[in-house]
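Subject: Structure handover

Hello,

Here is the structure we discussed handing over. Please open it alongside this message and read the notes below with it on screen.

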Amino acid sequence: MRASKSMRLLAWAILLVTLGFGLRPFNFVSRNDVAYDPVTHGLIFHGKSEQRFYWQRGIAYTKDPIFFASHSPFTIATQLSPNRWPLGLGTILELYDDGLQPPLLLAQWKNDLVVRSRRAEEYQGRPYREMGVSNVFEDGIPTTLAINYDGQKARVFVNGQLAETRSYQLIESGSPITARIVLGNNSTGESPWSGTLSHFSLYNRALSPEEIDSASNSPTLDYRFTE
């Protein structure tokens with residue numbers, strides 16, 4: 001009788017530990033290879049050269065969720081350099097709020113940039129829509145991206161030049177969302193991007209590259225990976 005009770009307690013303990021690891025944070029799966037490169041001050045994703053640097057397997061994401069309102073302006077700015085074409089869609093950045101589709105996803109497909117947004121829940125049909133910008137990336141060449149939304153239109157700047165303007169709601173939701181920002185992969189680890197990310201910033205207003213470079217505009221989040 002005592003042995004049976006002990007076994008039940010042990011089984012419950014194993015179950016609780018398993019659930020604890022499986023649900024924190026959210027349901028992220030650690031399938032990334034992420035390394036810090038002290039030479040370029042960037043994060044290397046799936047570069048197959050991590051042995052030279054301190055590295056560990058895991059998902060790179062913001063510690064705390066960020067608040068996004070569907071019609072509020074914001075700007076995402078990043079500096080990155082792909083080191084090979086992804087197999088399929090390589091996720092550069094994903095907003096993750098535990099939904100079946102991410103509210104927003106920025107990805108690389110061959111040398112094109114893909115911007116994908118989740119449809120509102122009541123929409124009947126494909127659960128996301130997307131816009132693309134052709135010939136953005138070159139293998140091994142650093143690229144500066146800025147994607148802004150002013151409440152009506154989305155604009156994509158590549159290396160300081162306007163590459164796309166479209167009436168496109170980046171976050172299509174009837175109510176505000178809170179989401180973590182995942183870098184270099186999607187939240188399940190199944191859509192990896194390969195390259196180096198050296199800078200990421202988020203602003204709570206729509207800015208051009210010139211305005212981003214201005215010292216008067218401070219970001220909400222600013223990751224420069226200096227250590």
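The notes below go from the whole chain to single residues.

Overall picture

Please keep in mind that this is a predicted model. The chain has two helices and 16 strands. Of its 227 residues, 47% are buried. Taking the contacts between residues at least 6 apart in sequence, 63% join residues at least 24 apart.

Aromatic rings

There are four aromatic pairs in the structure. In one of them, the ring centres of Phe-68 and Phe-74 are 5.6 Å apart and the planes stand at 75°, which is over 60, so this pair is edge-to-face. Both partners lie under the 20% limit for buried residues: Phe-68 is buried because its relative accessibility is 5%, and Phe-74 is buried because its value is 4%. These two residues also belong to one aromatic cluster together with Tyr-149.

Two arginines are placed over tyrosine rings. The charged end of Arg-116 sits over the ring of Tyr-128, at 3.9 Å from the ring centre. Arg-129 lies over the face of Tyr-168, and here the distance to the ring centre is 4.3 Å.

The loop between S5 and S6

His-71 is in the loop that runs between strand S5 (66-68) and strand S6 (74-82). Which residues does His-71 contact, leaving aside its neighbours within four places in sequence? They are Tyr-149, Gly-151 and Gln-169. Tyr-149 is also the residue that forms the aromatic cluster with Phe-68 and Phe-74. As for Asp-150, its C-alpha is 8.0 Å from that of His-71, although the two residues are 79 apart in sequence.

The cavity

Searching the whole structure gives one cavity of 30 Å³ or more. The volume of the largest cavity is about 40 Å³. Its lining consists of Ile-76, Thr-78, Ile-92, Leu-93, Leu-106, Leu-183, Leu-197 and Phe-200. Strand S6, strand S7 (90-96) and strand S15 (195-203) are the elements that each give two or more residues to this lining. By type, the lining residues are seven nonpolar, one polar and no charged.

Other loop residues

Two residues other than glycine have a positive phi. Asp-98 has a phi near 75° and is placed in the loop between S7 and strand S8 (104-109). With a relative accessibility of 48%, Asp-98 counts as partly exposed. Lys-110 has a phi of about 55° and is in the loop between S8 and strand S9 (112-118). Lys-110 is likewise partly exposed, at 46% relative accessibility.

Asn-159 is found in the loop between strand S12 (154-158) and strand S13 (161-166). Is Asn-159 buried, exposed or partly exposed? Its relative accessible area is 47%, which falls between the 20% and 50% limits, so Asn-159 is partly exposed. Not counting residues up to four places away in sequence, Asn-159 touches Pro-142, Thr-143 and Thr-144. From Asn-159 to Pro-142 the C-alpha separation is 9.1 Å, and the two residues are 17 apart along the chain.

Regards

Technical notes
Residues are numbered from 1 along each chain as its sequence is written. This is a predicted model: local features need pLDDT of at least 70, side-chain atom pairs count only at pLDDT 80 or more; totals for chains, interfaces and linings use all residues. Side-chain values use heavy atoms; hydrogens and water are left out. Rings of Phe, Tyr and Trp (its six-membered ring) pair if their centres lie within 6.5 Å; planes under 30 degrees apart count as stacked, over 60 as edge-to-face and the rest as tilted. Buried means under 20% relative accessible area, exposed over 50%, partly exposed in between (1.4 Å probe, protein chains only). A charge sits over a ring if NZ of Lys or CZ of Arg is within 6 Å of the ring centre and within 35 degrees of the ring normal. Helices (H or I, at least four residues) and strands (E, at least two) are DSSP runs, numbered from the N terminus. Contact means heavy atoms within 4.5 Å. On a 1 Å grid over the protein atoms alone, a cavity is a set of points where a 1.4 Å probe fits but cannot get out, and a pocket is an open set with protein on both sides within 12 Å along at least five of seven lines; lining residues have an atom within 4 Å of a point. Grid points are joined across faces, edges and corners, and a volume is the space filled by probe spheres set on the points. Ala, Val, Leu, Ile, Met, Phe, Trp, Tyr, Cys and Pro count as nonpolar, Asp, Glu, Lys and Arg as charged, and the others, Gly among them, as polar.
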